[in-house]
Amino acid sequence: MTRRAVVRKWILYCLCALLLVLVQNMVLVYVRIGGVHPFLLPALALIPVTLERSGPSLLYALFFGLACDLLIPSGVFVCFYCLTFFTAAILARLLSGQVIAAGLFCSLTVSAVGLLLCGFLQIMLLTSQHGVSIGPALTLLGKELLLSLAVTPLAHFPFRKLFRLTRSD
């Protein structure tokens, strides 16, 4: 694959992620069930990692997390999304290459890993810093996980389509 084709492929992945971030921020934030709404950002960071399984995919997850940190304040700590998405991307790459074949089930699995990593880090920090009760926080995490996994195919199918289109380049 030529350098131009590789650059074009990653630009398309970034544009797809941007479109899905707009869906997250303009549509999914209004879908509330049980007091939570779906959180698609970990899926957007990790699905390309499972499809590509290359060094640039880890960089994509790192820079996607950095963009999220700059645009969406998490309030937990500086570079929260950058570090969690990169760590989850390493786990996703290991899972997709050695345990689960890339596909919808793999996307659901790595999205769950990313959501759980984000959620547990937030719970640990909020519990230690602000005395948040862990029981209700875990209940909210469980609800968010289920709802987010239900909408993960919204991210999987466009990324899979891009992967198939750019694979032949």
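Helices in this tour (H or I, at least four residues) are DSSP runs numbered from the N terminus, as strands (E, at least two) would be. The structure is a predicted model, in which local features need pLDDT of at least 70 and side-chain atom pairs count only at pLDDT 80 or more, while totals for chains, interfaces and linings use all residues. Residues are numbered from 1 along each chain as its sequence is written, and side-chain values use heavy atoms, with hydrogens and water left out.

**Stop 1: aromatic rings**

Begin by selecting W10 and Y13, which both lie in helix α1, 3 residues apart, or about one turn of the helix. An α-helix has 3.6 residues a turn, so residues three or four places apart point the same way. A search of the whole structure finds 9 aromatic pairs, a pair being two rings of Phe, Tyr or Trp (its six-membered ring) whose centres lie within 6.5 Å, with planes under 30 degrees apart counted as stacked, over 60 as edge-to-face and the rest as tilted. W10 and Y13 form a tilted pair, 4.8 Å centre to centre with 45° between the planes. W10 counts as buried because its relative accessibility is 12%, and Y13 is buried with a relative accessible area of 0%; here buried means under 20% relative accessible area, exposed over 50% and partly exposed in between (1.4 Å probe, protein chains only).

Select F77 and F80 next, an edge-to-face pair with 5.3 Å centre to centre and 80° between the planes. F77 counts as partly exposed at 32% relative accessibility, whereas F80 is buried at 0%.

**Stop 2**

Move to α3 (55-71), which has 17 residues and reaches 25 Å from its first C-alpha to its last, close to the 24 Å expected at 1.5 Å a residue; the expected span is 1.5 Å times one less than the number of residues. Colour S57, L58, Y60, A61, F64, G65, C68 and D69, the buried residues of this helix, and then show α1, α2 (41-52), α4 and α7, against which they pack. L66, also found in α3, is partly exposed with a relative accessible area of 31%.

Two loop residues deserve a look at their backbone. R53, in the loop between α2 and α3, has a phi near 50°, a positive value in a residue other than glycine, and its relative accessible area of 40% makes it partly exposed. C79, in the loop between α3 and α4, has a positive phi near 65°, again in a residue other than glycine, and counts as partly exposed at 31% relative accessibility.

**Stop 3: the second largest pocket**

On a 1 Å grid over the protein atoms alone, a pocket is an open set of points with protein on both sides within 12 Å along at least five of seven lines, and lining residues have an atom within 4 Å of a point. This pocket has a volume of about 360 Å³, and of its 15 lining residues C14, A17, F63, F64 and A67 are the closest to its centre. The most, 8 residues, comes from α3.

**Stop 4: the largest pocket**

Now select G119, Q122, L126, L140 and E144, which lie nearest the centre of the largest pocket among its 26 lining residues. The elements giving two or more residues to that lining are α1 (3-26), α4 (80-98), α5 and α6, and the largest share, 6 residues, comes from α5.

**Stop 5**

Finish with α6 (residues 134-151), whose 18 residues reach 26 Å from first C-alpha to last, close to the 26 Å expected. Its buried residues are A137, L141, L145, L147, S148 and V151, and what covers them includes α5 (104-130) and α7 (153-167). In α5, pick out S111, which counts as buried at 1% relative accessibility. S111 touches P42, A43, I47, L149 and T152 (heavy atoms within 4.5 Å), not counting residues up to four places away in sequence.

Key: 1 Å grid on protein atoms, 1.4 Å probe; cavity = no way out; pocket = protein on both sides within 12 Å on 5 of 7 lines; lining within 4 Å. Points joined across faces, edges and corners; volume = space filled by probe spheres on them.
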